[in-house]
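Subject: Structure for you to look at

Hello,

Here is the structure I promised. Please open it alongside this note; what I found follows below.

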Amino acid sequence: MMKKKPSARENSSSSTTAAREEESEWEMRPGGMLVQKRTTNTDVVTRNLRLRIAYGALRYEICVSSIATFGEVKKVLSGETGLEVDEQRLLYRGKERENGEYLDVCGVKDRSKVVLIQDPSSIERRFIQMRINAKIQTAHRAINNVAVQLDQLADQVSAIEKSISNGVKVPEVQITTLIEMLMRQAIKLESISAEGDASAQKNLQGKRVQKCVEKLDQLKVSNARIKPVVVTTKWETFDHPPSSTTWELFD
């Protein structure tokens, strides 16, 4: 008996139909999560399930809806474990479950046990992030220490400026020493490795140093124009009165 060989058009049509059926099994929720598409069934009874979660040596018990997805279970567990959704992997009956799979469709019952493990790649990412955060905190502390020193030096600059504006000459060594102290703080800032917000703070303190040094250079010129006040003491002399003392002799 001869059988008719299916044409290429028929094969293409059947594969397209299968693809459409596969796509129809999934739907996109408003939050952007891809989940299994549920068939309309008014007989489905929604109830709460108590799930026993095993996370290493730790045990949790959470309450979720029977028609919730494993992705929604992960959101609940984020508050319990501190793990982000993308850091979690959930296993039920020895099989890892996707975020869009429904609990009741997968046969999850009340008091069912679900195993939670942390994604190994997320452990490495978290460790890297911890190192970055520690580096940022160290940079902030170092910059804050420099800022405290600059506050004190800026006060000294203001005091020198006030003296010079009042016509009081300041010893040049005082200005030179203050400039050297400011440059030491600039060197400290330069040695700090900073990124992001810390880098912005570092640049801000660097501008403060530059502003103070430029101010002292100006004050140095103004100070040189002030003539030193020479204090001279004039002593007043008095003439001694003529001596008219008469001596009396006694036998």
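A salt bridge here is a side-chain nitrogen of Lys or Arg within 4 Å of a carboxyl oxygen of Asp or Glu. By that rule there are 8 salt bridges. Before the details, two notes on the source. The model is predicted, so local features need pLDDT of at least 70, side-chain atom pairs count only at pLDDT 80 or more, and totals for chains, interfaces and linings use all residues. Residues are numbered from 1 along each chain as its sequence is written, and side-chain values use heavy atoms, with hydrogens and water left out.

**Salt bridges**

Side chains of opposite charge can pair when their charged atoms come close. Arg-50 and Asp-110 do this, at 3.3 Å from N to O. Arg-50 sits in strand β3 and Asp-110 in the loop between β6 and β7, so the pair ties together parts that are 60 residues apart in sequence. (Helices are DSSP runs of H or I, at least four residues; strands are runs of E, at least two; both are numbered from the N terminus.) Arg-50 is partly exposed at 38% relative accessibility, and Asp-110 is partly exposed at 35%. For these labels, buried means under 20% relative accessible area, exposed over 50%, and partly exposed in between, with a 1.4 Å probe and protein chains only.

Lys-215 and Glu-161 form another salt bridge, at 3.0 Å from N to O. This pair links distant parts of the chain: Lys-215 is in helix α5, Glu-161 is in helix α3, and they are 54 residues apart. Lys-215 is partly exposed at 28%. Glu-161 is partly exposed at 32%.

Arg-89 pairs with Glu-96, and their closest N and O atoms are 3.1 Å apart. Both ends are partly exposed: Arg-89 at 27%, Glu-96 at 35%.

**The chain as a whole**

The protein chain has 5 helices and 7 strands. From the N terminus, the order is α-β-β-β-β-α-β-β-β-α-α-α. Of its 251 residues, 27% count as buried. A contact means heavy atoms within 4.5 Å. Among contacts between residues at least 6 apart in sequence, 63% join residues at least 24 apart. The accessible surface is about 18,800 Å², and 53% of it belongs to carbon and sulfur atoms. Areas come from the Shrake-Rupley method with a 1.4 Å probe; for residues, only the protein chains shown count as cover.

**Helix α2**

Helix α2 covers residues 70-81, which is 12 residues. Its end C-alpha atoms are 16 Å apart, close to the 16 Å expected at 1.5 Å a residue. (The expected span is 1.5 Å times one less than the number of residues.) Which residues of α2 are buried? They are Phe-70, Gly-71, Val-73, Lys-74, Leu-77 and Thr-81. They cover an arc of only 145 degrees around the axis, which puts them on the same side of α2. That arc is taken from the directions from the helix axis to the C-beta atoms. What covers these buried residues includes β3 (48-55), β4 (58-65), β5 (88-92), β6 (95-97) and β7 (113-118). The face turned away from the buried side carries the exposed residues Lys-75 and Gly-79. Just after α2, Gly-82 has a positive phi of about 85 degrees.

**Two arginines with positive phi**

Most residues other than glycine have a negative phi. Arg-93 has a positive phi of about 55 degrees. Arg-93 lies in the loop between β5 and β6 and is exposed at 63%. Arg-111 has a positive phi near 70 degrees. Arg-111 lies in the loop between β6 and β7 and is partly exposed at 38%.

**Helix α5**

The 29 residues of α5 should span 42 Å; the end C-alpha atoms are 43 Å apart, which agrees. Its buried residues, among them Ala-198, Val-209, Leu-216 and Asn-223, pack against α3 and α4 (172-191). Asn-223 is buried at 3% relative accessibility. Beyond its neighbours within four places in sequence, Asn-223 is in contact with Ile-164, Val-168, Lys-169, Val-170 and Ile-175.

Best wishes

Definitions and conventions
Expected span 1.5 Å × (residues − 1).
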